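Here are my notes on this chain, written for someone new to reading structures. Have a look at the picture and then go through the points.

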Amino acid sequence: MRTIDHWITGRPATGESTRTSPVFDPATGQQQAEVRLGSTADVGAAVAAAKAAFPDWSQTSLSARAKVLFAFRQLVHAHADELAALITAEHGKVLSDAVGEVQRGLEVVEFACGIPQLLKGEYSDQVSAGVDSYSWREPLGVVAGITPFNFPAMVPMWMFPVAIACGNTFVLKPSERDPSVSLRLAELWREAGLPDGAFNVVHGDKEAVDALLDSPDVAAVSFVGSTPIARYIHERATATGKRVQALGGAKNHAIVLPDADLDFAADHLSAAAFGSAGERCMAVSAAVAVGASADRLVEALGERARAVAVGPGSDSTSEMGPVITRDAQQRILGLIDAGEAEGARVAVDGRGYVVPGHEDGFFVGPTVLDGVTTGMDVYRQEIFGPVLSVLRCRDVDEAIAMVNANPYGNGTAVFTNSGEAARRFQRGVHVGMIGINVPVPVPMAFHSFGGWKDSLFGDTHVHGPEGVRFYTRAKVVTARWPATSAASDASFHFPTSR
């Protein structure tokens, strides 16, 4: 059985812990590897390596850092297909989706390549007689990322390119369910010229997470995952004085108004709901049909759901693969059962879905539930599977109220041909990311990603300008260089400009 190691000080490391966790092929249901689960001591070794690398890396010139980022960008681009294959083998998503994940991560690397521009400071000449004032931003030190299974390449690349470009050193704790791509990225960092210890990977479970949260040498923590864990991460890490950006769960709505092009909306809603088997924090899981659009929308969604090609991610004809684990499969099926028991109509049923030749795979077929209400568990919970719930309301104002009443505030979308309705919607909803005729409104890397309410703990979003601010702190200098012959004008009163 292949064993997946940690990566510490620029090389694979077995660590002290003997605990391991299985890594499955979700398409077959068979174990394909085991990953080491790091102990507190293993996390300590990775943090110590990052701490030792920080002084030199933080003092490396911006142009030299940018050269390493450009080299890393080129290597990731050259190995994109290889990285995508690693993702598909352990996550299960189709190869085309995995390639897209790598590309979106690369966009953050490309943003970080501009670090000389992004870290330019400010200068004020002659703020007082013979006094100048200027500022710049400095790195924090050792920073950590704790990332989920659903995007094992992209989400870490939301974090570490910006952190490293800013002069920090990094410890990554990826999901233990699909860990291999993190090690390949570590190898590419070394090949790009990043100093040993500046990027480390420690696999693990709660023990490793808590060790990072409690370490006095970790200055900041970035996290993406479920809301309960995001809340826990934020509370525990801030209690030790760390900066924290913790992105939680979501219940993303797509509002379809009567004037929308229903074929266009149904095409995009199906892709947004069933792409990556619904295992996206920006997946649309609630379609809100407004007024007369409801019956026609459900019919169109049903046609598209039944047409989705489900199969192993490595098959080029597959449009949707399995979910990540057997437990996830059973939880999703249980929520479909609960929705039906509570009164929802199962318009398209993905339960009992079997892919020939992959009978033991973790598959759930595309599912559409009609007549869902806001009190049902299938609406209240983040399903993280290929299940689209259709709710109904009278008008756009009722739809806005429904979105705002939900505790999550990650993303939402509206499908309409009315500019007035779209403007009213975008100004009225309390969410962080909004799409207008765009179902998955993930911003480009030069903007920042993050939600509101229970979808974010902390006040800083990831990547983009907010990412640079999160991984740096400002330093302001006020300087005077008096002539040596000048008399001292020191005094004991409060200094003022003159």
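1. Two residues are in contact when they have heavy atoms within 4.5 Å. Take the contacts in the chain with a separation of 6 or more: residues 24 or more positions apart account for 73% of them.

2. A word on what you're looking at. This is a predicted model, where local features need pLDDT of at least 70, side-chain atom pairs count only at pLDDT 80 or more, and totals for chains, interfaces and linings use all residues. Numbering runs from 1 along each chain as its sequence is written, and side-chain values use heavy atoms, with hydrogens and water left out.

3. The chain has 16 helices and 23 strands (DSSP runs, H or I of at least four residues for helices and E of at least two for strands, numbered from the N terminus). Its radius of gyration is 25 Å, close to the 23 Å from the globule rule for 498 residues, so the chain is as compact as a globular protein of that length. That radius is taken over C-alpha atoms, and the rule is 2.2 Å times the number of residues to the power 0.38.

4. How much of the chain is buried? Buried residues make up 56% of the 498, where buried means under 20% relative accessible area with a 1.4 Å probe, counting protein chains only.

5. Now zoom in on strand β8 (residues 142-146), where five of five residues are buried. Val142, Ala144 and Ile146 point one way, Val143 and Gly145 the other. In a regular strand the side chains alternate between the two faces of the sheet.

6. β8 runs parallel to β9 (residues 169-173), joined by five bridges; strands pair if DSSP finds at least two bridges between them. Glycine 145 has leucine 172 of β9 as its bridge partner.

Conventions. Buried means under 20% relative accessible area, exposed over 50%, partly exposed in between (1.4 Å probe, protein chains only).
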